[in-house]
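These are my notebook entries on side-chain contacts and local geometry. I set down each look-up in turn.

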Amino acid sequence: MSTEATPAVGTPAAQPAAQPAAQPAAQPAAQPAAADGKGIFNWASKDGEFRRQVSSFRDCISSDPGARFTPEAGRYHLYVSLACPWAHRVLIVRQLKGLQDAITVSTVHYLLGENGWEFPESEDDCPGATSDHLYGLRFLKDLYFKAEPNYSGRYTVPVLWDKKNQTIVNNESSEIIRMLNTTFDAYAKRPGITFYPDSLKTEIDSVNDWIYSDINNGVYRSGFATSQEAYDRAVIPLFAALDRVEAMLAKKHKDGPWLLGKEFTEADIRLFTTIVRFDAVYHTHFKCNLKTIEHGYPHIQRWAAKVYALPGVASTCDFDHIRRHYYMSHIQINPYRIVPVASGPDWAKYL
């Protein structure tokens, strides 16, 4: 734990209803292309730009009368990858809210193959990954076909699954974290807090918007670009946005350690899952190499260390999955699947 005092995580929740996400929907990293698996490594469009596909399943869990999906303990199951920053958002909120007993999890293998995400044949083969606890499926794509036999989109994580109706509720991370924020408070170990407080909603939405565009998705637009022009259009705004975050944290340092001052919000969570991967993966693998976080952005590094040191967050970070996934799955970038020795900052020293 950091020696500097850290404010309580979250603030008292004003209302239990989940809030819709403000920014355009994001799809997770590493996405298979279609049902037959062809073109799985062709991330960019013909002009060299990487354009993220919109999520397909957009239902919401609600306590409203007549809602198809209502909050119940044990009814819902998450499918995640420990490598994926979008799934990581969901795992962090689940951990910080204390929903481990209410919402169960299955974790895919770090290696993305021609059939997309898959579960290990044995959990001993890939520590941290699990079997499909619900159906014993081998591939995540089969879960999508179970929900929609004619599905033709990408098989992405995270997936929020309803055991009762045996279907996908939602596969958009920004919406899932809003649902977990307060909707399951009756079953949470830490009810009554929110990472999307009423008093900061406008500011959170504004920060989320440019951080998603230029940083969360900016690293992928840089890394998956197949032309110099597309790469330049992504990487320059990426570092301009990191400079902006650095300045924000420097300015707000006296107000509190978080992006928006004293209150830890979903904006911190959404940025953290990119930053914690930056030096280990994005700097080298995605050619985002103007600076490292550890040596080029002291305020961001200090802030990220505080997030990492929050109770339970470190347990959601698996750097072996992260490094092996990116370097071994993206064979269009790294055809020999060589995993570099360096793994970024020593995050354990901040505990």
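**Entry 1: aromatic pairs**

I note that phenylalanine 278 and tyrosine 282 are about one helical turn apart, because they lie four residues from each other in helix H7 (residues 266-285). Helices (H or I, at least four residues) and strands (E, at least two) are DSSP runs, numbered from the N terminus. The model is predicted: local features need pLDDT of at least 70 and side-chain atom pairs count only at pLDDT 80 or more, while totals for chains, interfaces and linings use all residues. Residues are numbered from 1 along each chain as its sequence is written, and side-chain values use heavy atoms, with hydrogens and water left out.

I searched the whole structure for aromatic pairs and found 26. Phenylalanine 278 and tyrosine 282 form an edge-to-face pair, with 6.3 Å centre to centre and 80° between the planes. I took rings of Phe, Tyr and Trp (its six-membered ring) as paired if their centres lie within 6.5 Å, with planes under 30 degrees apart counted as stacked, over 60 as edge-to-face and the rest as tilted. Phenylalanine 278 and tyrosine 282 are both buried; buried means under 20% relative accessible area, exposed over 50%, and partly exposed in between (1.4 Å probe, protein chains only). I also listed one aromatic cluster, whose members include Trp86, Tyr212, Phe278, Tyr282 and Tyr326.

**Entry 2: salt bridges**

I counted 14 salt bridges, each a side-chain nitrogen of Lys or Arg within 4 Å of a carboxyl oxygen of Asp or Glu.

Arginine 58 bridges to glutamate 175, with 2.4 Å between the closest N and O atoms. This pair links distant parts of the chain, 117 residues apart: arginine 58 is in the loop between strand E1 (11-12) and strand E2 (76-80), and glutamate 175 is in helix H3. Arginine 58 is partly exposed at 35% relative accessibility, whereas glutamate 175 is buried at 15%.

Lysine 189 and aspartate 101 meet at 3.5 Å, N to O, in a salt bridge. Lysine 189 is in the loop between H3 and strand E6 (193-194) and aspartate 101 in the loop between helix H1 (85-97) and strand E3 (104-107), so their bridge ties together parts 88 residues apart in sequence. I recorded lysine 189 as exposed at 56% and aspartate 101 as exposed at 60%.

Aspartate 205 and arginine 178 form a salt bridge at 3.3 Å, N to O, and both are buried. The charged end of arginine 178 also sits over the ring of tyrosine 196, 3.6 Å from its centre. A charge sits over a ring if NZ of Lys or CZ of Arg is within 6 Å of the ring centre and within 35 degrees of the ring normal.

Where is asparagine 171 found? I place asparagine 171 in the loop between strand E5 (167-170) and helix H3 (173-182), and asparagine 171 is buried at 0% relative accessibility. Its side chain has a polar atom 3.3 Å from the backbone nitrogen of serine 56.

Strand E4 (residues 159-162) pairs with E5 in the antiparallel sense over three bridges; pairing requires that DSSP finds at least two bridges between the strands. Tryptophan 161 stands opposite isoleucine 168 in E5. The hairpin of E4 and E5 has four residues between the strands, and glutamine 166 takes a positive phi near 50° there.

**Entry 3: cysteines**

I found zero disulfides in the whole structure, a disulfide being a pair of cysteine sulfur atoms within 2.5 Å. Cysteine 84 is buried at 1% relative accessibility, and cysteine 317 is buried at 12%.

Key. Polar contact = N/O pair within 3.5 Å; in protein donor to acceptor, adjacent residues only side chain to side chain.
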